[in-house]
Amino acid sequence: AAAAAAAADGKDGKKRKRKIDKANEKAGNHLSLVHWVGQGVVDKVRPDRTYYSGFTCNDDTFKKGDAVYCLPENTNEDMYLAQLESMFEDEEGKWIECCWFMTQKEVQQFGGKLPADTVEHELFLGTSVDVNAIASLEGMAPVYTHEKFVQEVEKAKASRASASDASDANAQASSEPPPAKKKKSSSSSSTNNANDDDDDSAGASSTVTDKRFFARKIFIPNKGGSFYPLQWTPERGFWVDWSALSKKKKTTAKKSKSTKRRAGA
C-alpha cells in the first residue's frame, strides 16, 4: 500500500511539474524551455553545482565552445558576443559561464594596439570569464574561424548572385518586347539597369558579411596588450595552445643565444 501511494504521489508530482512548466512557458519564463543534455556531474570544488555537457532551448542545442549572443546590460547597446565555457545548475537557478569576445573598439579601449593584419568583421577572444543567468542567452552567434568565414562569405555571394540571375531571367521571360520606335530609350534603360546591377554587386560583400564575424587571436590586456593565435576544435571552440607557444618561445630563445655566440666568436 505504501509503495502504491508513493507511486501515485510520483505520478501526481510529474503531472504537477508538467503543468508548472506549461504555465511558465505561457508566462514567458524561458527557464521552463531549458532542458539539460547528458548526465550531470557534481563539481568537486563546488558540490552545490551540477555541470552538464549542454542544454536545449526551443529547437536549439547549446554546448561548450558555441558562440552565442547575450543580452547587454543597457538596451541601447549591441548584443554581447561570448563563447560558452561551461553550464551548470545550483539551488539558485541555471547558469552559463561565458568567455567574452571583444570588438576592435573594445581592444583599443583597453589599451591594445590592433595588429597590422586586422580587418573588418574580426573579433578577438578576451580573457574575461564570468557567470551569467542562462536566461540572458539570446541564441547562436555567427562567429567563425577565418577560413570558415571566407567560405561562408563566398557561399552567400554565390547564393545572392544565383538568386539575382534567376530573378532577371524570369523578368526577361515575362516581359513583352518594346515597340520598335522606342528602341533608343529602351537601350538607355538597359544601360541604367546594368549600372544598377554593378552597384548591387559592389555592395554585395558588405551585405553578406554584416552579420558574420571571425576570430583568430586572443587579446591579453597586459601592458601594451598582447595577441596570440587561436586554435579551434568542435569540442572546445576557440582556445590557445599555450604549451606549443611555450616551446616556440624556448626554441626562439635558443636560436637567439646561438646567433649571439656566433657573432661574438
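User: Which residues do ring pairs link into a cluster?
Analyst: This is a predicted model: local features need pLDDT of at least 70, side-chain atom pairs count only at pLDDT 80 or more, and totals for chains, interfaces and linings use all residues. Numbering runs from 1 along each chain as its sequence is written, and side-chain values use heavy atoms, leaving out hydrogens and water. Rings of Phe, Tyr and Trp (its six-membered ring) pair if their centres lie within 6.5 Å; planes under 30 degrees apart are stacked, over 60 edge-to-face, the rest tilted. Ring pairs join these into a cluster: W36, Y52, F55 and F62.

User: How many residues apart are F101 and F238?
Analyst: Across the whole structure there are 10 aromatic pairs. F101 and F238 form an edge-to-face one, 6.0 Å centre to centre with 90° between the planes. Strands are DSSP E runs of at least two residues, numbered from the N terminus (helices: H or I, at least four). F101 sits in strand β8 and F238 in strand β15, so the pair links parts of the chain at a separation of 137 residues.

User: Is F101 buried or exposed?
Analyst: Buried means under 20% relative accessible area, exposed over 50%, and partly exposed in between (1.4 Å probe, protein chains only). By that scale, F238 and F101 are both buried.

User: How are the planes of F219 and F227 arranged, stacked or tilted?
Analyst: F219 is at 0% relative accessibility, so F219 counts as buried. The ring centres of F219 and F227 are 5.1 Å apart. Their planes meet at 40°, so the pair is tilted.

User: How many salt bridges are there?
Analyst: Side chains of opposite charge can pair when their charged atoms come close. A salt bridge here is a side-chain nitrogen of Lys or Arg within 4 Å of a carboxyl oxygen of Asp or Glu. R46 with D48 is one of them, at 3.1 Å between the closest N and O atoms. The count comes to 7.

User: Which residues are linked in a network of salt bridges?
Analyst: K217 bridges to D117 at 3.2 Å. K217 lies in strand β12 and D117 in the loop between α2 and β9, so this pair ties together parts 100 residues apart in sequence. R216 meets E122 at 2.9 Å, N to O. The linked residues are D117, E122, R216 and K217.

User: What is the relative accessible area of E122?
Analyst: R216 lies in strand β12 and E122 in strand β9, so their pair ties together parts 94 residues apart in sequence. R216 is partly exposed at 23%. E122 counts as buried because its relative accessible area is 2%.
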